[in-house]
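Me: Please take me through this model by question and answer, with cut-offs given as the terms come up.

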Amino acid sequence: MYPVSSAFLQAVQENTRKYYWTGKITTKNGVVYNFDAEDIVKGSGYISSQCCGSTEIELGTVYSAEMGITLLSDIDRYTLEDALVELTYHLRISQSRDSADLDEDYDQTVESDGIYEAIPMGVFEVSEANRTVKCLELKAYDYMLRFEKDFNGFETVGKAYDFIHLCCEACHVDFASTQQEIEAMPNGDTGLSIYTDNDIETYRDVLYYVGQVLGGFFCINREGQLELRKYGNTSVMTVAGRHRFSSSFSDFITRYTAVSSTNMRTEIAEYYHLDPDDGLTMNLGVNPLLQFGLEETRRELCENILADISVIDYVPFDSDTIGNPALDIGDVLTFVGGQADENQISAITSNQVKIYGKQTLKGVGKNPRLAQAKSKNDKNISGLLSQIEAGKIGIHTFTNASAFTIHDQDTKIISIEFATSEDNHAQFFGQVIVDVDADEVTRTATASGNVTIPAVNVDAVSQGLDNEGEGENAEEEPEVIGTTEEQTVSVSLPVSWTEDGHADVIFSFEFNNQMIPIHYPQEHWCSGRHTILLYYPIENVMANFTNTFNVYMRCTGGSATVDTGFCIASISGQSMGADAAWDGKIEVEEYVERFPIGTGNLAGRLRGVGFTESTLWEIDELVKRSYSDTKSGRSSIGGFAVQVDVSGSNS
């Protein structure tokens, strides 16, 4: 439920209420059109949202909310392409007109007939604008449609927040939760990796699978931010019989006691359950994020998901109410009066608010008694791993899910693991967008040139002017000197200035722990954003063996930054995608901060400052294997003996 004051909750459940709606349209050019109740055609406006389908509760859903409205307006419909529509609900909570009664924690204002509290109803992007003679019909959707953008797929490792952040950055939508909040959730701090053979097509699909792992669903909140919500068991509001125009309730309770997830590597649908297992099974299908890692890690992920959905204990319902616009999908309600059971709870999975009309709430769910047998055997085998056709062109792709800052040490920015079903060749392609901050450099030079002293015309020099009118020479003519000669003098001066330097960005390739010699792509860049294309042909790729191709980057003369999603790469070739097992290799990287050697009074002597470290690692994949050896033919066994006489032994 959207945060509202207690006065709002009380006023919204009264037999009579006074309220009104307002809205604002903002075009792409920044032109704003405000409208109010007089501009809205009666019965035309609605806001519809949902988090599940029409039959059962789902995890990871990414439904978009829809808004429709008809306005008495002469706005040119051609200017409304991708325009934003914001709606606001205003409810009178008090007849007082004293500003001292306002609660600063909420959006409350004093109007002519009392205090009103306003709550936002969402931000929507216009997808369709139609005009009649006097009316403008609008249909709009929230920002969830922005995630309907092609996703090329990548094979990388990251946590749930990294994948969410990557999607939000690529689709220009803010995320409502912080990294700490997501990592504090069950499965939020676990490393995940997308399985290469997947059905991900858009960023919306990525969010769907991440939502499953986190045991919730995604929606766009009223501020236009992506938000992760989970099902709960705490009621936020009681709906009495007098608040309902009509209602129907099921005679069963929907609850889940098991989850099923298909493991593509073993081609087995794994089943995890509570004890007793007498409820429904949540079928996760083939989730690409649940394919890698230890068997224990996969079990922990699925059991955490089961713990999240085990709180579901809802009675499915369908009801038309007088309306509370503060309610959101996922909210838990308690119904009393009439045929409702006040000891049970229900969750809103579908919500439609009619502007100046009723509010329709719905909660879906299956009957555990009828669906139990079917749900326990619904293994979703359609997504199992198929055989690889010989000669088929495959591709492994990579996109960085976290940012890198590079200095003068080699930093791994790309790492792709791949395998083939037969010996052949492959090609590596990559593109990196780099923000370079080059160090400033001081330049010095000597400025030299010639200085010309021009000729000076001197008419005369009088002698004895101090004895004016006296002496023998007082009446004599002054001595004429004439014009001096022009002179040229050579001058040189030192000059220094500071300017932006150039950074050397060097890339190096590594294939199966062997650095590739000679080939080191290098760029000499000034400060700013630059793009480089990388290519390398990979020869002699062994069949059914896990190959690793790494790209390192270093920067001298400055620093470089590669932001999230700014590094994309791929390896393509024939017969790619063989199900290669872990080859027993463990890679460990260690970084130690610099510490002083020989400082102060101990100059000339080595003095190391002690440091401690804590190392935590796990194997991403564990495959049980056995070893046997058969030997045929005779084997020679050598030996020696010596006779020993023991006293009393021959007697």
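**Rings, strands and a helix**

Reply: Trp 21 and Tyr 89 are both buried, where buried means under 20% relative accessible area, exposed over 50% and partly exposed in between (1.4 Å probe, protein chains only). This is a predicted model, in which local features need pLDDT of at least 70 and side-chain atom pairs count only at pLDDT 80 or more, while totals for chains, interfaces and linings use all residues. Residues are numbered from 1 along each chain as its sequence is written, and side-chain values use heavy atoms, with hydrogens and water left out.

Me: What is the mean pLDDT of the protein?

Reply: pLDDT is the predictor's confidence in each residue, from 0 to 100. In this protein 79% of the residues reach 70 or more, and the mean is 81.

Me: How many contacts beyond four places in sequence does the model have for residues 460-466?

Reply: A contact means heavy atoms within 4.5 Å. Over residues 460-466 the pLDDT stays under 50, and the number of such contacts is seven.

Me: Which strands hold Trp 21 and Tyr 89?

Reply: Rings of Phe, Tyr and Trp (its six-membered ring) pair if their centres lie within 6.5 Å; planes under 30 degrees apart count as stacked, over 60 as edge-to-face and the rest as tilted. Trp 21 and Tyr 89 form an edge-to-face pair, with 5.3 Å centre to centre and 70 degrees between the planes. Helices (H or I, at least four residues) and strands (E, at least two) are DSSP runs, numbered from the N terminus. The pair ties together parts that are 68 residues apart in sequence, because Trp 21 lies in strand β1 and Tyr 89 in strand β5 (residues 84-94).

Me: Is Thr 26 buried or exposed?

Reply: Thr 26 lies in strand β1 (residues 19-26). Leaving out residues up to four places away in sequence, Thr 26 touches Val 31, Val 32, Ala 83 and Leu 84. Its relative accessibility is 18%, so Thr 26 counts as buried.

Me: How does Phe 335 count by relative accessibility?

Reply: Phe 249 and Phe 335 form an aromatic pair that is edge-to-face, at 5.1 Å centre to centre and 65 degrees between the planes. Phe 249 lies in strand β14 (residues 244-249) and Phe 335 in strand β20, so parts 86 residues apart in sequence are tied together. Phe 249, at 22% relative accessibility, counts as partly exposed. Phe 335 has 3%, and therefore counts as buried.

Me: Which residue in β21 stands opposite Val 332?

Reply: Two strands pair if DSSP finds at least two bridges between them. The open sheet of three strands has mixed pairing and the order β13-β20-β21, with β13 (237-239) and β21 (346-347) as edge strands that each pair on one side only. Strand β20 (residues 332-335) runs antiparallel to β21 and is joined to it by two bridges. Opposite Val 332 stands Ala 347.

Me: How far from the ring centre of Phe 245 is the charged end of Lys 358?

Reply: A charge sits over a ring if NZ of Lys or CZ of Arg is within 6 Å of the ring centre and within 35 degrees of the ring normal. The charged end of Lys 358 sits over the ring of Phe 245, and its distance from the centre is 4.8 Å.

Me: How many residues of α2 are buried?

Reply: Helix α2 (residues 160-171) has 12 residues. Among its buried residues are Phe 163, Ile 164 and Leu 166. The helix is largely enclosed by the rest of the structure, because the buried residues of α2 number nine of the 12.

Key: Expected span 1.5 Å × (residues − 1).
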